[in-house]
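Grab your viewer and let's work through some charged side-chain pairs. Each exercise comes with a solution you can follow step by step.

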Amino acid sequence: MDTESTYSGYSYYSGRSRGSHRHGERSRDRHKSRSKDTRSEKSVTINTPPAEPLLGDSAVRGEQVQDDNWGETTTAVTGTSEHSLSQEDIVRITKDLEDSVGLDCRRYFTLTLAVILGLLVFLTPLAFLVLPHLLWPEKLQSCGTACEGLFISVAFKLLILLLAVWALFFRPPRAGLPRVFVFRALLAVLVLLFVVSYWLFYGVRILDSQDENYQGIVQYAVSLVDALLFIHYLAIVLLELRQLQPCFSVCVTRSTDGEIRHYNLGQLSIQRAALAILEHYYCDFPVHNPALLSASKSRAAKHLAGLKVYNVDGPGNNAAAGLAHSQSRAMIAAAARRRDTSHNDLYYEEAEHERRVRKRKARLVVAVEEAFTHIKRMQEEEQKKAPGDVMDPREAAQAIFPSMARALQKYLRTTKQQHCHSMESIQQHLAFCITNNMTPKAFLESYLTPGPTLQYSRDHWLARQWTLISEASVTSGLKDGTIFLLKCVDFSLVVTTKKIPYIQMSEEYIDPKSHKFVLRLQSETSV
């Protein structure tokens, strides 16, 4: 039984090698005529990835390494469930839950402290004015006209301070930073020390002695409100105005595909600069598409997959261990010889891909233009006379979508964008274009040209958490040569910082009267 199985296996490999040799000769002839057919050679294996990708869709994970003829050449590996959970997945989920709980607790704790400090600031001037009337009303002197005018001043200044604090501090948080914002913490400590010092002076000089001069008490409260307004002005300078002047040029590089953008930033800490970069990233960078990165990996794997080393003596031979080193050297040498001609394969593969993209783009454009000719916007007077088959934009989009669906699906598969656009999102975009009288070219622009990350649904780009990796402290300011990383699930953003140089300009005066010219005539020149 063992002998028969061994013989059958040998026959299979030998027959396959002879067939592959004949096929190699035919493929070289077809390669010269640039009409190479790849359907009979490609076989794609779908494996469960070790972690869930950022552009997450369970139906897409197997399509990331597929060619356009995926339905004919796909070989699936069964027996592995995509929905199974390993011990590493359970640990990762538990860690994510702990991190989210910690971030929520810290955010609510910070908000609670801010509310308590704000109430203390706004209630302190009112308490300075009310406490004398509650503790020693019979000893207070009467408040004259000047004193009553100070009441109006305190009221309006508190109202202005309330609106200013609401506009500057009580805004929806944009992100959760790893460390505290240094300037905001310093301002909070300054306000707290300032209010406590006022309370200490008020307790020693007014409460203990039961001061009878109520106008002086009112002026003391007015001085507190004035000082709080000046502190708010200092907060505007430190938190908003200081970072407006550009001081650094940062280069942001995506680690997977090398996409690069440049931005100018002001005097910011590393964590604040990282937040500004992420806000620009979602608006400027095209969406991350892992399917476009699988071509080079599959090409390299294809070169190594064609090399096989056989041990005819069997594993029990004593010389088998000594042949391992020579076999590895033979494979490296064969791979080096094949690498000399791999650029030709790459050239023809890219040319064939570009040809297919242009062909399917032309089919898509024609299909969409024909589909748009079947609908017409009705005027108000026509709607009153029209029969009952009048459709709203949603129904019109559903009516003309099947005529363009196949061409659009093939184009998206060819350009590896099928996981970025669902049928529901395409129909919604089509209904939007119909509603706003947009042309077929405007409808196709979202699919022919990759848009920024925010243009896609949140399920395809939203990362739960970004990790800031930096050798320097994230609360320290940007410096020339600062390098840090912003890492998420599938890729990372590498940020390098360069200081904008100091520019020295000089002035040179040119007298307007010095612009005098002379016409020079030569004997051979015809005028």
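**Salt bridge exercises**

**Exercise 1.** Find the partner of Glu240 in a salt bridge, and work out where the two residues sit.

*Solution.* Start with the contact: Glu240 pairs with Arg171, and their closest N and O atoms are 2.9 Å apart in this predicted model. That passes the test, because the cut-off is 4 Å.

**Exercise 2.** Now try Asp226: which side chain does it meet in a salt bridge?

*Solution.* Look for the nitrogen: Lys157 supplies it, at an N to O distance of 2.5 Å. Then trace the chain: Asp226 is in helix H6 (residues 214-241) and Lys157 in helix H4 (residues 145-168), 69 residues apart, so this pair too links distant parts of the chain. Are these residues buried or partly exposed? Buried needs under 20%; Asp226 has 23% and Lys157 has 22%, so both count as partly exposed.

**Exercise 3.** Explain how Arg355 and Glu352 are placed relative to each other in helix H10.

*Solution.* The contact is a salt bridge with closest N and O atoms 2.6 Å apart. Both residues sit in helix H10 (residues 342-372), and because they are 3 residues apart, about one helical turn separates them. Arg355 is partly exposed at 39%, as is Glu352 at 31%.

**Exercise 4.** How many salt bridges does the structure hold?

*Solution.* The total is 6.

Notes
Residues numbered from 1 in each chain as written. Predicted model: local features only at pLDDT ≥ 70, side-chain atom pairs only at ≥ 80, totals over all residues. Heavy atoms only, no water. Helix = DSSP H or I, 4+ residues; strand = E, 2+ residues; numbered from the N terminus. Buried < 20%, exposed > 50% of the residue type's maximum accessible area, 1.4 Å probe, protein only.
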